Each structure stands twice: as C-alpha cells, then as structure tokens.
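Here is a brief report on one protein chain. Look over the sequence and the model before reading on.

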Amino acid sequence: MIETLDLLPNPVIVTNGDGIVQEVNAAMLTWVGGQAAHWRNQSMNALLPVASRVFLQTHVWPLLLREGHVNEIRLQIKNTDGKAVSAFTNCKKSPTAQGDLFYWVFFVAAERSRFEDALLQARRRAEDVLKDLTQQERFIRTVTDALPSLIGYWDRDLRCRFANKTYQDWFAKSQEQMQGIHIRDLLGDTIYTLNAPMIEAALNGEACEFEREIQRPDGTKANTLANYIPDTDAQGRVNGFFALVSNVTKIREGEQASRLIASVFNNINEGLMITDAQGAILMVNAAFTHITGIDMAEAVARSSSILKSGRHDDTFYEDMWRAARDAGKWQGEVWSQRQDGSVFLMALSISAMRDERGQISRYVSVFSDATARWNKDQVVERMALHDSLTQLPNRNLLMERLGQLTSIASRSPRNIALLFLDLDGFKAVNDTWGHDAGDRVLTTVAGRLLAKLRLTDTVARLGGDEFIVLLDEANLMENVALIGQQLIDSINQPIDIGGTVAHVGTSMGIALYPHNGLTPQELLKAADDAMYAAKAAGKNTLRFAIPTKA
Ligand SMILES: Nc1nc2c(ncn2[C@@H]2O[C@H](COP(=O)(O)OP(=O)(O)OP(=O)(O)O)[C@@H](O)[C@H]2O)c(=O)[nH]1
C-alpha cells in the first residue's frame, strides 16, 4: 500500500480509529521529515501543534466517526523545522479486516489556491453565462418593449416576473414597481375578480383568451383582448403564465362604425351600388334590390351596365363616367332597366372614391326611383301646354311649335299655313242645351279637325270656340284653301250632343309664312284679322290674310 501512496503528490497519512499512524507516504515525509518507521505507531497528534490537536479531537474526529469522511478541514502541520504550516485535509474512513483505517490526504495552501483559482474560473464562467443570460433578457426586453401589446409573465404566486414597457405604461408603473407586484394589486379588485377564473385556468395549464374593458389609471377606458398562456416545464408543472394583452379599442370602434355603416347601408331607401374603378359591382344594398328587382348575390361581380335600358346612347354613358372620374361626382337622371325588363327613371348620384395614391378605387352610386315623379311632372307639363277639355295643344304649346317651325323655315325656306277658326253659332248651343252640350261640340270639333289632318300638322285650341290649325309645308295656296274648306265642311256636319243634334259653322282666317308674317305673333295676328274678315263676309267661310310681302 505504501508504494501506491508514495506515487501520490499529496502528503498522506493513514491512521487507525485512535489516530495512531499506520503509514506515511513519501510526500508527507518531505514535509515532516524523518523516516516512515519513525512515524508509524505514533499518534498523529505528534504531527500537529496544540491548537490543531484540540480542533481534531473536539470537532474533526466526532464528525469523521459519524460521517465516515471530512473535507477541507484546515489543520496546521509541524514541518521539519518545527514550524506550523497551514494545510487542508480530506479524510475518509476505509473499513478493513484489521479494523477501520483513516486516509488523511493533505494539500497545502498553494494547492488550495489552485483549487480556488479553479473555483474562481468556474465562477467567472458562471458569471459569463449569467451575463449572456442578462444580455438575452435585455434583448427580449428590447424586442418586447417595442411591441404595442402588453407582454408579461406571472409566476405561480401571481407575482409579476416580467412586464414589457407597454405593460408598465398601461398601468403607469415603473419596471421596479412592476417587478414582484401581485396581479390583484395591479388590476384592482374588480378586474381581478372578473379575471380570476381565467388566471386559475392558466395555472391549471389551460390557455385562455377573453376580452375585457379596462379603465386605465388616467381614467380612459379601453377594450383589451387578453391571452393567458401557461408556462409548463418538462415535468408538466405549471410555473406561471404568460399574459399577452392587446388594445383592441380601435378595432372594436372600427367594427362598431362598420356595423353602423352596414345598418345605414341596408336601411336607407336609396339604392346603393359600389363598383370598382372598372364598373364591376362589389356591393349593393337592400333598396337596390327593391328598386331594380336584381338580387344582391346576382348583382355582385356583374357590370353596372346590367341596368342599361337602351334609352341612352353610348355617348351618354361615356360622358357620365368621364364626369364622375374627372370631377369626382356626377348627378342626373338615367333611364334604367329593372330585372323584369321594365324601364324606370333613376335619379342618380355617382361619387368617385380615391385611394391613398390618388387613384380612383371605387364609385359609389346612390339612386332613387324617380319614375313616379317624372310621370307627375309629365302630367303637370301636359296640363301647362294642353287644353284640358279637348287635350289639344293650348296657346303656349302652339306658340312654341310655331316658333320652331318659323325658325326652321328661316334657315331652309318652306311654306307654313296658319288657319284661325272661330265657331259660328256656338253660343246658341250653350244657351239652348247647356254648357256640357257646348263641351261636347268643342271635343267633337277637335276630333274632326284631327281626323282631317296629317300627324305633322298641329291642331290647337286657343280658348273658347277658337281653334288653330298649323299646316307644315303647305305649298300651294289652292291646297290650303282646299284643306280649309274640307275642315269647314267637316265641322258643318251635325253633332250628336246626347239625344239631340247641334249644328255649328266656322269662320276661318288663313295666314301664310312668309307672305303674311315671319314671327308667330305676326302670323297669328294676320290670321285673326282674316278670320274676322270671314265673319264679316257672312260666316262659315274662309279668307286669306292680306299679304304683307310680295
Ligand atoms: N261649353 C263651353 N262654352 C264655352 C267654353 N269657352 C267659352 N265658351 C262659350 O263660348 C261662347 C263663345 O261666344 P261667341 O264666340 O260669341 O259665340 P258664337 O255664337 O260662336 O258667336 P260668333 O263667334 O260671333 O259666331 C261664349 O258663350 C262662351 O261662354 C267652353 O270651354 N265650353
């Protein structure tokens, strides 16, 4: 055994349980001097100064006998010069057939310092690792601080272990104040109580997501969407949970606004149609379907030209879209077609919507059905221009048509004849059979005049028993006289006035364009004068106006 011990660089002694030296190795002899035999069977106390001996007896042996080993016990050894040298020793009990042996291995302070160096290095490595970890944490913090969401970590005791900047700012707390804060203290009792089931779920390993309206320290309210994600280790233990909370106030407000817009979109009476820049329908509302009869699903993705009625030419639509594009808006009335092919008047307003680059991205068309209004306008217009009894054009419309005819004739010469008719003996009908009978006579006369004339000619009632006939392209005076006489003859026919028969005649004055005048007023005056000439000549006859020009 001693040979083996001699190989060791450390001083070693072997004792029995009473501390009697059994062996001393070579390294120990270089330290304490003498021969091995000198030390054998001596108490190891001989190697120690008094203080170490006492320490050995009172502390080391009891520990050694109890534990079977001691480590790094500081003892002093007397060297060859009798000087005390500080050393450390590790001792281990080794049972043998001859009884327990105790191996005392010594290392001097210098060796100890190597050991400490190793320790120091190990600590530095640990510190480097720690530094790495700190850097990593700093990196994580930098990244999470830049995020708009609240990111935090809560341990099992519901103490905050991490909270990013947004989390701190949200609750107006510093990083130090956040560190270790209890979640209840941060959220307040009310929100904590509401969140408690989710916290419990997260600590039970269950991820959860929920929304909550939170009042912030500055008093503002915000909608939050929270995710609690359990932090589970390899053994399946939940050590805490990550909290990821996003401010969804704007999103919720946006959704609310969208819902409002959608509600308006579908509840207004105006038809709405949104198309892309090329005119493909993207969206229509319920009123669109109500007015056009075209189903929403059927309209989408089709061209807005499905509404074309054919009453306008291509130029009309080109002008309309060009104006909407260039001016950003177009307003007007468009004859459009319903699903069933019927035509309606669309009072339409088109607005162009531009994207952030200024390009037109959408056209919003708002429209209503203006057909009923148009029909009513037509009736009013008709009433304004027609005689309500005979439905013939009245003085206004007559003058308008006469104006058009004279204007055309001034550019491309043609003859126009204006026949002024005033009934003879009409008052007697009224007086004899009453006003209604008189009306029957007037409508009958109107019908007879129309029956005798071409569609291009005009028959008008000036009022009372006065009628005007306009003959367009009346070339020969003889022809005009012939027509005039035929009209007189026709009126002379008996008129059935319900059970009895009335007779009226007509006196007719004829003025010719351009001979008797160039303007409507001149022509009417000339014909009126000629009519009076006919009356004066005995009634029921015709007279031409006296020419004003050769
Ligand atoms: N029934 C009816 N009578 C009308 C209407 N407008 C005017 N009158 C009447 O028509 C008559 C016209 O009078 P006159 O032209 O003098 O009658 P007349 O008997 O033809 O006389 P002369 O023109 O001189 O031949 C008046 O009695 C008016 O009251 C109408 O819309 N309906």
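## Salt bridges

Arg161 and Asp155 form a salt bridge, with their closest N and O atoms 2.9 Å apart. A salt bridge here is a side-chain nitrogen of Lys or Arg within 4 Å of a carboxyl oxygen of Asp or Glu. The model is predicted: local features need pLDDT of at least 70, side-chain atom pairs count only at pLDDT 80 or more, and totals for chains, interfaces and linings use all residues. Residues are numbered from 1 along each chain as its sequence is written, and side-chain values use heavy atoms, with hydrogens and water left out.

The two partners sit in unlike surroundings. Arg161 is partly exposed, at 41% relative accessibility. Asp155 is buried, at 11%. The classes rest on relative accessible area: buried is under 20%, exposed is over 50%, and partly exposed lies in between (1.4 Å probe, protein chains only).

A search of the whole structure gives 23 salt bridges. Among them are the pairs below.

| Pair | N to O distance |
|---|---|
| Arg161 and Asp155 | 2.9 Å |
| Arg237 and Asp233 | 3.2 Å |
| Asp100 and Lys93 | 4.0 Å |

Salt bridges also link Glu211, Arg252 and Glu255 in a network.

## The chain as a whole

The chain holds 19 helices and 22 strands. Both are DSSP runs numbered from the N terminus: helices are H or I with at least four residues, strands are E with at least two. Of the 550 residues in the chain, 40% are buried.

Contacts are heavy atoms within 4.5 Å. Take those between residues at least 6 apart in sequence: 47% join residues at least 24 apart. The accessible surface of the chain is about 30200 Å², and carbon and sulfur atoms supply 53% of that surface. These areas come from the Shrake-Rupley method with a 1.4 Å probe; for residues, only the protein chains shown count as cover.

## A five-stranded sheet

Which order do the five strands of the open sheet follow? The order is β2-β1-β5-β4-β3, and the pairing is antiparallel. Two strands pair if DSSP finds at least two bridges between them. The edge strands are β2 (21-24) and β3 (69-78), each pairing on one side only. From one strand to the next, the twist averages 30°.

Helix α4 (residues 50-67) packs on this sheet. The helix touches β1 (12-16), β3, β4 and β5, and its direction makes about 160° with that of β3. For such angles, axes are lines fitted to C-alpha atoms, for helices over the stretch in contact; the angles run from 0 to 180 degrees between N-to-C directions.

Now the pairings. Five bridges join β1 to β5, which run antiparallel. Asn16 has Leu101 in β5 as its bridge partner. Leu101 also stands opposite Ser94.

β4 (residues 84-96) and β5 (residues 99-108) are antiparallel too, joined by 10 bridges. Thr96 faces Gly99 of β5 as its opposite residue. These two strands form a hairpin with two residues between them.

Eight bridges join β3 to the antiparallel β4.

## Side chains and cysteines

The salt bridge between Asp100 and Lys93 spans 4.0 Å, N to O. Lys93 is partly exposed, at 29%.

How many disulfides does a search of the whole structure find? The count is zero, where a disulfide is a pair of cysteine sulfur atoms within 2.5 Å. Cys91 counts as buried because its relative accessibility is 2%. Cys208 is buried as well, with a relative accessible area of 13%.
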